[in-house]
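Hi,

Here is the structure I promised to pass on.

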Amino acid sequence: MKKTERIIGAEAVVRSLIAEGVDVAYGYPGGAIMPIYDELYKYQDQLHHVLTRHEQGATHAAQGFARTSGRVGVAFATSGPGATNLITGIADAQIDSTPMVCITGQVASHLLGTDAFQETDVISISSPVTKWNVQVTKAEDIPAAIAKAFYIAKSGRPGPVLIDITKDAQLGELDYSYEKCTVVRSYKPIPETNIEKVKEAATLINAAKKPMIIFGQGVILGGAESELKALVEKAGIPSAWTVLGLSALATNHPLNVGMVGMHGHYGPNKLTNECDLLIAIGMRFDDRVTGDLSKYAKQAKVIHFDIDPAEVDKNVKTDVAVIGDSKDTLAKVLEFIDEKEHSSWLQEFRSFDKIEFEKVINGQLNPTKEGLTMGEVLQGINKATHDDAVIVSDVGQHQMMAVRYANFTHTRSNVTSGGLGTMGFALPAAIGAKMGAPSRHVVAIIGDGGFQMTCQELGTILQTGTAVKIVVLNNEFLGMVRQWQQLFFDKRYASTEMINPNFVKLAEAYSIPAKKIVKREDLQGAIDEMIACETSYFLEVMVEKEDNVFPMVPTGSSVSDIRLE
Amino acid sequence: MEKKLYTISVYSENNLGLLNRISTIFVKRHINIESLTVSASEIENVSRFIVVVNMTEEAVKKIIGQLEKQVEVIQAYYHTDDEIIFTETAMFKFKSDLLFENPQIQNIIKENNMNIVTVNRTFFIVEKAGRRHEIDAIYDAFAPFGIAQFVRSGRVAISKEAMNIRKILGEIVQ
């Protein structure tokens with residue numbers, strides 16, 4: 001007989017989370033989830049609940065936590081508006097494969113379908129954006145639902161799950177015991193790897209004269225950073241990254257050739273259409289990466305390493321697909337790979353780098369004009385943190401500048417909303433990121449637009465004392481949209497100019513030390529002061545108003561038609 | 001690539017929300033579902049969806065990938081009409097007077113081996129299981145007399161090849 005205890009459903013929720021190793025969760029209370037909050041009060045020594053200022057903030061904080069720690073992020077919300085406010089964060093976690101468990105309260109089961117106060121059908125609403133979801137209406141079903149949720153969220157290709165628990169299930173009694181879930185019969189998280197495909201991939205790699213790797217977040221999610229490095233070095237292959245793959249391989253690695261995609265680097269975009277073998281690892285050929293698919297790497301053979309069979313041939317037709325967990329498949333392929341160097345091919349990347357440096361990068365890092373550039377702010381942060389900060393970026397121009405100019409030494413250091421492009425992501429995500437990596441410097445890079453979407457989370461920083469460094473790059477515009485208006489809409493700046501509040505005063509209202517920088521000579525000192533500060537810190541930098549992010553692959557163009565100006 | 005009728009069979013856990021998840025996969029990609037049938041399968045607590053779509057093979061393969069990605073989907077298959085045995089059921093309702101006024105109606109019923117489901121003083125109902133074109137032909141034959149109600153089920157289909165669902169479930173459970 002299993003040992004059980006008679007407790008209520010709400011207590012079972014909290015004890016099940018503790019049994020899963022959860023020690024921090026984010027959320028916002030309300031009527032339908034009050035029994036669970038009552039138990040969180042009881043167990044506060046074991047499970048720290050962080051009160052965010054909006055449910056969306058709770059999901060982004062949980063995402064930030066998951067991204068830096070590699071653990072499952074947990075968010076709570078009440079029924080109705082609480083639940084619907086989670087949806088943006090859940091959708092973000094779904095498209096960026098972030099493991100997250102969301103628990104929502106729901107009206108009592110006898111009220112379901114009656115349009116009761118704060119009733120929404122969150123199961124239907126969240127279905128398209130969750131890996132799995134379930135409604136629990138009986139107390140005795142709670143432990144198994146939570147066990148299954150954690151198993152599904154973190155196994156295979158990770159993703160968000162949602163458990164909706166009716167109030168009567170929270171209050172009902174059950175005989176509690178907890179068993180972790182290790183199998184769901186209809187679900188195969190890691191498909192078997194076909195060793196023949198591994199060998200075919202190795203044969204192509206060994207025969208290639210101009211091979212190129214593009215790695216994505218699959219490397220980080222699979223914990224395959226050292227296998228990637230070993231492969232890159234043994235086969236001597238120039239390797240580029242997607243936005244979410246960034247930091248899986250140190251940015252100063254001699255074979256790291258930069259970012260692919262719309263605002264990626266010149267060399268890897270140009271040479272995507274010159275390579276004879278494209279090796280995609282844990283990435284999904286997003287449209288921002290590929291541009292016009294009909295003109296994408298048509299000359300090359302394509303190998304695709306991925307854990308998700310549905311990604312194979314979804315956007316780009318592959319010659320060899322190696323399905324499986326990246327840590328395992330990369331280790332296997334490594335056995336069959338010859339040691340090689342491709343120095344003249346690597347040199348082609350470096351020649352493009354020179355052009356890009358002269359036309360684009362030099363102007364960002366060594367500007368001759370008066371206005372500050374975003375690039376020099378990132379360079380200052382690199383300097384102050386010795387290329388080893390966790391950079392949490394929001395969405396827009398500053399995000400592209402952050403991923404282009406921040407240097408990284410360690411994995412899980414780049415946290416950004418890649419697939420969904422959620423403005424307002426960075427501030428709450430940075431709170432979670434810092435809690436997930438407390439010993440690291442966590443710097444949020446945010447635009448003046450995105451900051452105002454979730455700036456209420458300054459209150460969460462105040463209340464928790466989380467030492468997040470916040471850098472607002474203020475150009476008084478919704479800069480990325482303005483850039484498109486300039487380039488493609490004849491400079492008709494429809495609703496992109498921002499009249500902003502006094503951000504420093506706003507930060508100070510939340511007791512966060514704050515400074516505004518308008519002159520170049522004050523910049524590095526302020527960054528150094530921010531990094532040295534023990535607490536959170538707010539730094540507003542006034543940057544050039546109408547700077548653009550280049551290079552750029554215009555929507556619908558081929559990656560090799562990348563523009564430098 | 002040429003568009004064709006494909007019959008998709010999805011074996012899944014019998015879960016309330018799954019119909020929503022499955023239909024979303026089609027709706028999101030603007031794929032028109034020709035017919036959808038959900039029923040029990042040969043395995044207890046395992047449901048079977050039969051979805052008929054008109055699309056290219058390349059597109060249907062991607063749909064299968066998206067279906068199998070669902071946690072509660074056990075396996076999904078797609079077949080052409082040659083690879084399955086399939087049928088649909090149709091029911092027609094008429095005013096009973098018509099049976100006496102129009103002897104052709106009786107002929108249509110006989111010629112097509114239709115079943116008489118019910119007859120009473122005010123109405124009668126006949127049914128027919130068969131291929132879409134057979135039912136369409138019967139409909140056209142009946143139409144001039146005035147059909148009071150018509151309904152046709154979605155396609156149900158059984159594959160000629162074996163579907164090793166029990167084996168799949170067994171393999172994963174071990």
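**What I found**

Strand 4 of chain A and strand 5 (residues 100-106) of chain A run parallel, with five bridges joining them. Keep in mind throughout that this is a predicted model.

Ala75(A) turns up in both pairings: Tyr26(A) stands opposite Ala75(A), and in strand 5 of chain A the bridge partner of Ala75(A) is Cys102(A).

How many residues of strand 4 of chain A are buried? Five of the five, residues 73-77, so the strand is largely enclosed by the rest of the structure. In a regular strand, side chains alternate between the two faces of the sheet. Here, Gly73(A), Ala75(A) and Ala77(A) point one way, while Val74(A) and Phe76(A) point the other way, and all are buried.

Zooming out, chain A is divided into domain 1 (5-176), domain 2 (195-348) and domain 3 (370-542). The centres of domain 1 and domain 2 of chain A, taken over C-alpha atoms, are 37 Å apart. Five residues from domain 1 of chain A and five residues from domain 2 of chain A make up the contact. On the domain 1 side, the classes are one nonpolar, two polar and two charged residues.

Then there is the contact between the chains, where 18 residues of chain A meet 17 residues of chain B. Helix 6 (122-126) and strand 6 (132-136) of chain A are the elements that give two or more residues to the chain A side. By class, that side of chain A has nine nonpolar, four polar and five charged residues.

Finally, chain B itself. It has six helices and nine strands. Its radius of gyration is 20 Å, well over the 16 Å that the globule rule gives for 174 residues, so chain B is more spread out than a compact globule. The C-alpha atoms of chain B fill a box of roughly 65 × 40 × 30 Å along the principal axes. Buried residues account for 24% of the 174 residues in chain B. Of the contacts in chain B with a separation of 6 or more, 76% are between residues 24 or more positions apart.

Cheers

Methods
Residues numbered from 1 in each chain as written. Chains lettered and ligands numbered in written order. Predicted model: local features only at pLDDT ≥ 70, side-chain atom pairs only at ≥ 80, totals over all residues. Buried ≥ 20, exposed ≤ 12 C-beta atoms within 10 Å, placed from the backbone. Helix = DSSP H or I, 4+ residues; strand = E, 2+ residues; numbered from the N terminus. Pairing = 2+ DSSP bridges. Rg over C-alpha atoms; globule rule 2.2 N^0.38 Å. Contact = placed C-beta atoms within 7 Å. Nonpolar A, V, L, I, M, F, W, Y, C, P; charged D, E, K, R; others polar. Domains from an automatic or database assignment.
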